[in-house]
Structures are given as C-alpha cells and as structure tokens.
Amino acid sequence: MHQPEYTESELPAIELFQALGYEYKHGQDIVREGIHEVLLKDRLEASIRRLNPWLGENQIGQAVREVSFPSYASLMEANEFFWHKLLCRDEATTQLEDRGNGNRKRDVRYIDFEDAGGNDWLVVNQMKFKGEGANSVPDLLVYVNGFPMAVLECKAPGAKGAMDQAIGDLGYYQKNSERLFIYNFLCAGLCKWQARYGAISSPSQFYSRYRLKEHGTVERVTGRSSTEQDVLIYSLFRKESFLDILRYFTLFELEEGRTIKKLPRYQQVRATNEVVAHLQEKDRGGVVWATQGSGKSLTMAYVIRKL
C-alpha cells in the first residue's frame, strides 16, 4: 500500500506535470552510466543535435564535455557559470566552428528559449544518486534537455513539520550529492496544502510561497480544487513560465564576499511582466503599488533586464 506522502503529494504532482506536457519516468527506468551520473546524456546529445543542426557528430561530443564540469571551485560558482552558458553570455558561451559556413564560430544552444516546446521536458521520481554518505533519492526531478534543473521533495500533508522536513532534505541532498545541483534552477518542498521554493544554498526562511490572484486556470488543468502545491507547480513549471523565470528573473549577487543566488517572489514576476506588457501594448508607463519589503528594487532590475 502506498504511503500518504506518495498518494497525496508525489502522485498528484506527477499527474500535474504530465498535464503540463512533461514526459514521466520512474527512476528505475532511466538508463545511464551509473548512479554517479547526473546528466541524461542521450537526451542532452539529442537536444544539442536538434537545436544546432550545423554541428558535426564529433562537435556534439565536445559540446557535451563543455557542460560536464569534471571539476569546479564551488557549487555556486559552477551553478552561475552554467546559467551564463545556457544564456550564451560572455566567456561562458560555448563556441564551435560552423564547418558548413567557412568555419565561422557560432554559439552552441543548449536551451530553446524562444520555443518552449522545442525542448525535452521530463519529470522523474525516486531516482538514486551517489552520495558522500548514503545515496540521495529525491522524490521528483525535472530534467530539461537532459539537465537536472529542479529537485522537489514531497511530504505527507499530515506529517508534523512536513515543510521543514522537506526543505531540510533538500539541504541534505545539496551537501550529500553536490554534483546534482550544478545544473539546478530551483528546489521546492511540497506537502499538498503547503509548498515552498528556493535557490541552492538558501536557508529555509528564504523559501517562498507562490500565490495567484485566482485559481480557475489551475483547477481547469487539474480537474479538482487546487492546492498550494498545485499552484506552485503550475506557476513555476509551465514550460513558458519556467524558461521566463530562468532567463530573466534569476540573479547572482555578491554579498559580504560571497555569491548569493536569488529567485523572484510571485509579486515581482507579476509586476515585471505586467509592466513590460503595458509598455509593449500601450507604449506608456504606469504605476506599480508596492508595500515596504516587497522587493521594489529587484522588481525594477527585472523590468530593466527584460526590456
């Protein structure tokens, strides 16, 4: 018999991911070199080939090696470098020769940001990874083009301190199986009526809820009354939203000598996208009402970046 953690949190999450167009597989059905491997290299190679049809087969292997990161100074440094590489920014960009066009160098694309459906979206449950101590077995993983870009931990909604346990497990996985998080965009704790998300290395107090003005759209997708878990998955993991936040709303800031990764809160995403849409549609500005501590400065930074 399945435990409440599976029936009330993990399974509904999988079903919602499938409704959002993700392929689903159990961890035991994933073919890879071993539990030390965090990339799905067959899917990565296929995605590179599809997004960069000008590459030769040997170059595809080279493009994979460029994102394999056999060594790195720190997890945060590797995570930031990978983000820059996805966005083809500065020295992080992978550039290879286009042999059919005079050997001119071109940027290698690992993600299609313009067409979300042009990427390979996969959700996997109960996949095992090599750990410093015991092996790590996160409840859910989201793979995009073979990269493990989100880790989600599920708990039974009736369990005492369920959300604290989920966030604690996410922190443990980051220490125990660090390589898994080089490619991580976000982490999330789920327990049906509660759901929180945060970036790597974030303390529990910086994990946030995601709220919507109305839940009708979510309920039409799920076919039932929505839970906070449903709202978070729908808001952050719809393919277009996932890529939008990854591209425009992810920040790495230096604070007191160390790099902090920051993800937006729901009001910052909403305000930024409404401001940009208003400017594009009406070619004029407006007023954003914000309370103290709501992140006004970061919202303006997001607006500038997106414009």
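**Figure 1. Salt bridges across the whole structure.** A search of the whole structure finds 19 salt bridges, a salt bridge being a side-chain nitrogen of Lys or Arg within 4 Å of a carboxyl oxygen of Asp or Glu. The model is a predicted one, in which local features need pLDDT of at least 70 and side-chain atom pairs count only at pLDDT 80 or more, while totals for chains, interfaces and linings use all residues. Residues are numbered from 1 along each chain as its sequence is written, and side-chain values use heavy atoms, with hydrogens and water left out.

**Figure 2. Close-up of the salt bridge between R196 and E228.** The side chains of R196 and E228 meet in a salt bridge, with 2.6 Å from N to O. Because R196 lies in strand β8 (residues 195-198) and E228 in helix α7 (residues 228-237), the pair ties together parts that are 32 residues apart in sequence; helices (H or I, at least four residues) and strands (E, at least two) are DSSP runs, numbered from the N terminus. R196 is buried at a relative accessible area of 18%, and E228 is buried as well, at 14%, where buried means under 20% relative accessible area, exposed means over 50%, and partly exposed lies in between (1.4 Å probe, protein chains only).

Figure 3. In another pair, the side chains of E253 and K262 meet in a salt bridge with an N to O distance of 2.7 Å. Of these two residues, E253 counts as partly exposed at 27% relative accessibility, and K262 is partly exposed with a relative accessible area of 22%. Through salt bridges that share partners, E23, K25, R43 and D120 are joined into one network.

Figure 4. Most residues other than glycine have a negative phi. F69, although it is not a glycine, has a positive phi of about 45 degrees. This residue lies in the loop between α3 (57-65) and α4 (75-86), and F69 is buried, with a relative accessible area of 9%. S201, also a residue other than glycine, has a positive phi near 70 degrees. The place of S201 is in the loop between β8 and α6 (216-222), where S201 counts as partly exposed at 47% relative accessibility.

**Figure 5. Close-up of the packing of helix α8 with helix α10.** Two packed helices are described by the angle between their axes and the distance between the axes. Helix α8 (residues 239-248) and helix α10 (residues 296-306) pack at an angle of about 100 degrees, and their axes are 10 Å apart; axes are lines fitted to C-alpha atoms, for helices over the stretch in contact, and angles run from 0 to 180 degrees between N-to-C directions. The two helices α8 and α10 are therefore roughly perpendicular to each other, given that angles under 35 degrees count as roughly parallel, over 145 as roughly antiparallel, 65 to 115 as roughly perpendicular and the rest as oblique. D244, R247 and Y248 in α8 meet Y302, R305 and K306 in α10, contact meaning heavy atoms within 4.5 Å. By class, this contact of α8 with α10 has two nonpolar, no polar and four charged residues, where Ala, Val, Leu, Ile, Met, Phe, Trp, Tyr, Cys and Pro count as nonpolar, Asp, Glu, Lys and Arg as charged, and the others, Gly among them, as polar.

Figure 6. T94 is found in the loop between α4 and β2 (95-98), and T94 counts as buried at 1% relative accessibility. When its neighbours within four places in sequence are left aside, T94 is in contact with E66, K85, R106, D107, V108 and Y110. The place of S241 is in helix α8, and S241 counts as buried at 13% relative accessibility. Leaving aside its neighbours within four places in sequence, S241 is in contact with S235 and L236. S241 and V269 are 28 residues apart in sequence, and their C-alpha atoms are 9.8 Å apart in space.
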